[in-house]
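Trainee: I have a chain open and want to go through it with you. Can we take it step by step?

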Amino acid sequence: QDSPLKAVQMLWVNLIMDTFASLALATEPPSESLLLRKPYGRNKPLISRTMMKNILGHAVYQLTIIFTLLFAALQRDQRAQDPRREECL
């Protein structure tokens with residue numbers, strides 16, 4: 001039975017997944033207070049209210065930029081294909 005992923009593909013997936021995990025762990029500088037802090041409770045949310053605001057704000061920002069670029073490219077493409085434009089030249 002063949003695997004859906006070849007060995008090289010599995011290595012790439014592993015590399016990408018490990019990279020994001022290591023970046024997440026590396027964002028908080030080590031400190032003595034961090035090591036002495038008590039663990040969060042089992043029922044505490046994983047994403048705080050501030051984190052959620054930052055995530056949603058960044059998502060809105062990225063969507064605004066992407067859609068602005070998309071609509072600008074579509075307008076530019078429509079102007080280039082306008083048959084009346086060729087008559088004027």
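Trainee: How many helices and strands does the protein have?

Mentor: This is a predicted model, and its secondary structure comes to four helices and zero strands. Along the sequence the pattern reads α-α-α-α.

Trainee: What share of the residues counts as buried?

Mentor: Of the 89 residues, 0% count as buried. The accessible surface of the protein comes to about 9300 Å², and carbon and sulfur atoms hold 64% of that.

Trainee: Which residues make the nonpolar surface patch?

Mentor: L5, V8, M10, W12, V13, L15, I16, M17, F20 and L23 make that patch, which covers about 1000 Å².

Trainee: Where is L5 found?

Mentor: L5 is in the segment before α1, the helix that spans 7-26.

Trainee: New topic, aromatics. How many aromatic pairs are there?

Mentor: The count comes to one aromatic pair. The rings of F67 and F71 form a stacked pair, with centres 6.1 Å apart and planes at 20°.

Trainee: Why is that pair called stacked?

Mentor: Planes under 30 degrees apart count as stacked, and the F67 and F71 planes are at 20°, so the pair falls in that class.

Trainee: And how far apart are F67 and F71 in helix α3?

Mentor: They are four residues apart in α3, residues 49-80, so about one helical turn separates them. F67 is partly exposed, at 41% relative accessibility.

Trainee: What sits over the ring of Y40?

Mentor: The charged end of R37 does, 4.4 Å from the ring centre.

Trainee: Last one. Which residues does the UniProt annotation "transmembrane region" cover?

Mentor: According to the unreviewed UniProt entry, residues 55-74 carry that annotation. In the model, this stretch is 100% helix and 0% strand, and its end C-alpha atoms are 28 Å apart.

Methods. Residues numbered from 1 in each chain as written. Predicted model: local features only at pLDDT ≥ 70, side-chain atom pairs only at ≥ 80, totals over all residues. Heavy atoms only, no water. Patch = residues over 30% accessible without salt bridge, like charges linked within 9 Å, V, L, I, M, F, W, Y side chains within 5 Å. Areas by Shrake-Rupley, 256 points an atom, 1.4 Å probe, with all protein chains shown as cover. Salt bridge = Lys/Arg side-chain N within 4 Å of Asp/Glu carboxyl O. Helix = DSSP H or I, 4+ residues; strand = E, 2+ residues; numbered from the N terminus. Phe/Tyr/Trp six-rings, centres within 6.5 Å; stacked < 30°, edge-to-face > 60°. Buried < 20%, exposed > 50% of the residue type's maximum accessible area, 1.4 Å probe, protein only. Lys NZ or Arg CZ within 6 Å of the ring centre and 35° of its normal. UniProt positions renumbered as here; feature names shortened; annotations may be inferred.
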